[in-house]
Structure formats: structure tokens, C-alpha cells
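The following note sets out numbered points on the model shown below. Please read each point beside the coordinates.

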Amino acid sequence: METVTLYHNIFLQYLNRTRIVVNEKCSGMEPWQVIASTAAATLLIVKLYMFLFQAESLTSRFKKWFFRFIRKLPIIGPIIQQQIDKTLDEMSAKLTFLQDKKNYLRTLPAIGLSKPELLKKMKEYSTMGNVNWKDCKVSGTVYSGDEKLVNLLVKRFKVGNVLFLMLVLSFRLVPISAHAAFDKAAHYFRIKIVRIPLTELMQVDVKAMKKAITKNTAMLVCSSPQFPHGSIDPIEEVAKLALKYDIPLHVDACLGGFLIVFMEKAGFPLPQRFDFRVKGITSISADTHKYGYAPKGSSVIMYSDMKYRHHQFFIAPDWQGGIYPSPTIAGSRPGCLIAACWATMVHLGEQGYVEATKKIISTTRFIVSELQKMDHICIIGKPEVSVFAFKSDSFDIYLLSNLLIARGWNLNILQFPRSIHFCITLLQTEPGVAEELLKDIRECVSEVIKNPKEKTTGMSAIYGLAQTIPDRNLVSEIVGGYLDSLYSTGVESPLTDTHMNGSPSPH
């Protein structure tokens with residue numbers, strides 16, 4: 001007690017000395033000067049705080065400023081811009097729908113097209129792409145392709161996913177592998193997102209996540225599975241953190257939600273739980289338009305408690321047009337999509353989903369096991385559902401990607417590390433498709449290994465180059481040019497004047 005009293009007296013002495021010094025300094029000042037100085041100092045401190053503690057880190061902002069400065073230099077700037085223009089021209093030249101000499105309709109026809117003319121024009125446009133999903137060589141994208149199901153949905157029709165935007169109104173911690181839609185939502189709402197590193201199994205590092213939690217953390221995120229490598233995060237461990245620190249935990253099961261729930265009945269039980277049986281999980285998202293086999297544009301988000309759902313509602317009680325309630329960001333939604341989603345699910349039933357899951361998981365594990373036996377090929381992480389990624393320590397994996405694309409395979413190229421990703425759907429469970437993929441990979445690897453130092457060409461080369469560019473704004477500018485080209489109705493459209501939103505580099 002005496003020690004506390006001693007320190008208390010010392011503190012009062014220093015406080016009194018400080019008061020005397022301040023009074024002496026201000027003795028010659030008028031009251032308005034004291035007030036003005038205080039206000040100026042307060043504003044300066046607030047400005048300094050806002051500068052230092054923005055959503056984007058000081059390091060990231062400095063790097064952006066530095067690269068902007070470099071690009072404004074008289075000699076270097078024009079050279080960089082020339083390379084950007086060259087890259088954009090090469091990119092647009094490879095887009096098949098711009099290579100075709102067919103004319104786009106750029107104005108409304110004076111007289112509407114007849115039904116035969118309209119169908120002819122639609123058929124003409126549909127032939128502009130070079131991806132034929134019916135040959136079963138497409139990664140993801142088409143999850144069913146069953147003709148009977150398609151016909152059923154077409155009959156029903158005759159009568160973006162905003163999930164993450166609704167979810168991410170807070171400061172959150174997400175794994176590096178979590179979907180980029182979280183970054184998109186954070187950008188729209190100007191909220192800071194903290195990316196947590198992964199373990200060697202490509203699962204979120206729980207210890208690193210624990211260290212990153214602060215009083216401002218408003219949500220934790222896990223994937224089941226994550227898109228790049230197919231690994232499932234240690235959800236039960238993260239849920240313990242969520243309970244301990246009283247933070248909501250979201251499980252992103254958009255990709256595999258309609259597989260993981262049926263895997264146990266299909267004979268492939270997962271080692272950990274991922275649903276609301278785990279205390280601490282507050283929300284789960286699952287895309288019905290993926291392995292739910294419903295039409296594109298439908299998805300679901302579920303909450304453990306009704307109170308969380310209320311935060312996504314918007315109600316305008318004083319509008320002259322009447323009381324306006326809206327349960328989601330999307331105001332008007334197509335009822336046909338909802339009806340088609342419902343029709344798909346009740347048509348397939350639990351047995352249909354279990355059978356589809358059994359086919360997909362068994363095919364995936366067969367392919368992964370065979371790839372693990374191949375020389376020069378390494379499986380990344382711990383794929384547990386329908387997605388796997390592989391790389392090579394012997395050659396540039398993008399060389400292999402180019403050869404497989406030449407053989408008709410439509411693959412996903414990944415970065416950090418360089419790798420190839422494939423998402424198995426019902427198309428690849430058709431007889432002989434998995435064996436053909438493995439055969440083509442073996443043959444292409446044998447071809448690549450003859451000259452492993454060969455330079456990559458085409459779009460893969462651009463993708464590979466993008467990973468080595470330290471200025472991520474430059475990468476975003478190039479990708480913005482690609483997006484511009486998707487809106488183009490002719491090769492003459494300029495692609496160099498691009499504008500993009502979003503933070504291109506991690507915080």
C-alpha cells in the first residue's frame with residue numbers, strides 16, 4: 001500500500017510541474033490563441049491518426065505512391081505504358097469473340113426481329129466461344145449437364161452473388177485462401193480485411209488467427225472447402241476462438257456445401273464437423289447453382305440465430321410509395337430462378353444428391369491418387385472434396401497448362417504458388433473422362449520435361465509475368481483492360497484507358 005501511495009505522490013508532482021510549465025508557456029497568450037492552438041493541435045492529431053490507421057496499411061500505401069511516382073518519370077513512364085498497351089493488344093487478339101468477323105447489334109433494330117431471325121442471331125453468337133463443355137473437359141462451370149434436368153428447368157422457365165456483401169459489414173479475419181468476394185465486399189463497404197497465412201496443408205493457421213484478433217475484429221472466416229486447393233480449414237478449432245472472444249464465425253461452403261453434407265451417406269465421412277452442430281458457427285453459405293445443380297444465380301445463406309439475419313434487412317418506413325422492405329441487397333429478384341432452384345432440389349431428392357456426391361468424390365480421389373504417383377507432379381495441400389491443385393518443382397507448370405489447353409482441357413490457373421486447379425463435376429464422372437485426363441497429363445509432362453526451361457507463351461505467360469510484378473496496381477490495370485475487352489463489340493475498341501476499383505495488394 002505504501003508503494004502505491006509513493007507512486008501516486010510522484011505522479012502528482014510530475015503533473016503539477018507539467019501544469020506550471022504549460023501555464024508559463026501560455027502566460028503571454030490571449031484566450032483566443034489558446035483555444036485556436038488547442039483546436040489546431042487536435043485536428044493535427046486526428047489527421048495523423050487517420051493517416052496512420054487506415055484500412056490499408058501504411059506500407060501498402062507507400063508502395064502504391066512509389067510506383068505511381070516511378071510511372072510519372074519522363075523516360076520510365078512511357079516505356080511502362082508501351083508494355084501495358086502491347087500486353088492489352090496481345091490479350092484482346094486472343095479473345096475468340098473479337099476474332100470473329102461477325103457483326104454485333106449495336107443499336108436496336110427499327111423493326112423487331114422475328115422468332116426465326118432471333119434464334120438465328122442467338123445461334124450465331126453462341127458459336128463465338130471456343131469452349132465446348134459437352135466434351136467433359138471443363139473445370140467446374142457446368143456442374144451437372146444432365147439433359148433430363150435441363151429439359152425440366154427449361155419447362156419451368158417458360159412459366160452475383162450478393163451473399164458476401166450482406167455478410168461482410170464488419171472488420172474481419174479471413175484466410176489467404178478465402179474467396180476474393182470477401183475483398184470485394186470489404187472494398188465496397190470500406191472495411192479492413194486481414195488475411196491470415198496458411199499451414200503447409202493449405203489450411204488457415206489457427207495460431208496466427210488468434211494473434212490477429214483485436215477489439216475491432218467483427219468476424220472470423222473459414223472455408224469448407226476453399227476454392228484454390230480444396231482444403232478444409234480447421235473449423236472446430238477456429239470455432240473455439242469465436243466462442244472465447246465472442247466473435248461471429250462464418251463458414252464459406254459456397255463451393256462444396258452440397259457435397260460435404262452428403263459425403264457421409266456417400267461413404268466418404270469427413271474427419272471434422274462443419275455445420276451448426278459446432279458451437280461458435282453463426283452463418284454458413286452454400287451455392288445452389290454449383291453442386292446443388294440449380295441454374296446460375298441462386299445461392300443460400302443460413303444463420304444460427306434470427307438476430308443475425310435482421311442485419312441484412314433494409315426497411316424504409318417513410319417512403320411516399322409505401323413502406324419499402326427489402327430482405328437482401330438485390331431489390332427485385334427473378335422468381336423463375338427461385339422456382340427452378342426449388343424444382344431442381346425436390347426433383348433430385350436426397351438419394352440423387354448422395355449418388356452424385358459418391359460419383360464426384362470417388363472420381364476426385366482416384367485422379368488425386370494417380371497424380372501423386374506421377375514424377376514431377378506435386379499435389380498442393382490436402383484436397384478433401386471435389387477440388388485439387390498441383391504444381392511442379394521440375395518445370396514451369398504453366399507450360400503443362402498450355403499443352404493441356406491445346407488438347408481441349410479447360411483448366412484454372414492459380415498463383416502464389418504457380419499451379420493448376422481442377423474442379424471435378426458430374427461431367428468428369430462419365431466413363432473414360434478421368435482416365436483421359438490422366439493420360440493427357442502424363443503425355444504432356446513427358447513432353448515438357450524434354451525442355452523444362454522453355455519459356456511460357458500466350459495467356460499463361462501473361463499470368464506468370466503478373467506474379468513477378470511488384471506493382472500490383474499495374475497488374476490490376478492490365479486485368480481491367482481484359483474486363484474492358486469483354487464489353488467490346490469490335491477489335492477497334494480502345495483498351496488502354498482502363499479504370500478499376502479495389503485494392504490490388506494485400507493489407
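1. The unreviewed UniProt entry carries the annotation "modified residue: N6-(pyridoxal phosphate)lysine" at Lys290; UniProt positions are given in the numbering used here, feature names are shortened, and annotations may be inferred rather than shown by experiment. Lysine 290 lies in the loop between strand E5 (281-286) and strand E6 (300-303). With a relative accessibility of 17%, lysine 290 counts as buried, where buried means under 20% relative accessible area, exposed over 50%, and partly exposed in between (1.4 Å probe, protein chains only). The side chains of lysine 290 and aspartate 287 are joined by a polar contact of 2.4 Å. A polar contact is a pair of N or O atoms within 3.5 Å; within protein, one must be able to donate a hydrogen and the other to accept it, and residues adjacent in sequence count only if both atoms are side-chain atoms.

2. Basis of the model. This is a predicted model, in which local features need pLDDT of at least 70 and side-chain atom pairs count only at pLDDT 80 or more, while totals for chains, interfaces and linings use all residues. Residues are numbered from 1 along each chain as its sequence is written, and side-chain values use heavy atoms, with hydrogens and water left out.

3. Overall content. The protein chain has 18 helices and 12 strands; helices (H or I, at least four residues) and strands (E, at least two) are DSSP runs, numbered from the N terminus. Of the 507 residues in the protein chain, 41% are buried. The chain exposes about 30200 Å², and carbon and sulfur atoms supply 60% of that area; accessible areas come from the Shrake-Rupley method with a 1.4 Å probe, and for residues only the protein chains shown count as cover.

4. Transmembrane annotation. According to the unreviewed UniProt entry, "transmembrane region" covers residues 32-53 and 162-182. In the model, residues 32-53 are 95% helix and 0% strand, with the end C-alpha atoms 31 Å apart.

5. Nonpolar cores. The largest nonpolar core holds 75 residues, of which Leu220, Leu371, Ile377, Phe390 and Leu400 touch the most other members. Such a core is a set of buried Ala, Val, Leu, Ile, Met, Phe, Trp, Tyr and Cys residues joined through side-chain atoms within 4.5 Å. A second, separate core of 7 residues includes Ala178, Phe182, Ile193 and Met219. Leaving aside neighbours within four places in sequence, leucine 371 is in contact (heavy atoms within 4.5 Å) with Ile377, Ile379, Phe388, Phe390, Leu438 and Ile441.

6. The four-stranded sheet. An open sheet of 4 strands runs in the order E9-E10-E12-E11, with antiparallel pairing. E9 and strand E11 (412-414) stand at the edges, each with a single partner strand, so one side of each is left without a neighbour in the sheet. Two strands pair if DSSP finds at least two bridges between them. Strand E9 (residues 378-379) pairs with E10 over 2 bridges, and cysteine 378 stands opposite lysine 391 in E10. E10 and strand E12 (residues 419-423) pair over 4 bridges; in E12, histidine 421 is the bridge partner of alanine 389, and cysteine 423 that of valine 387. Strand E10 (residues 387-391) is mostly covered, with 4 of its 5 residues buried.

7. Helix H15. In helix H15 (residues 397-406), the residues Ile397, Tyr398, Leu399, Leu400, Ser401 and Leu404 are buried. At the start of H15, a side-chain oxygen of aspartate 396 reaches to within 3.0 Å of the backbone nitrogen of tyrosine 398. Just after H15, glycine 408 takes a positive phi of about 100 degrees.

8. Backbone geometry to inspect. Which residues does the cis peptide bond with omega of about 5 degrees join? That bond joins phenylalanine 416 and proline 417. Phenylalanine 416 lies in the loop between E11 and E12, has a positive phi of about 50 degrees although it is not a glycine, and counts as exposed at 51% relative accessibility. The peptide bond from serine 224 to proline 225 is also cis, with omega near -5 degrees; proline 225 is in the loop between strand E3 (219-223) and helix H11 (235-245). Aspartate 246, which is not a glycine, has a positive phi of about 55 degrees and is found in the loop between H11 and strand E4 (249-252).
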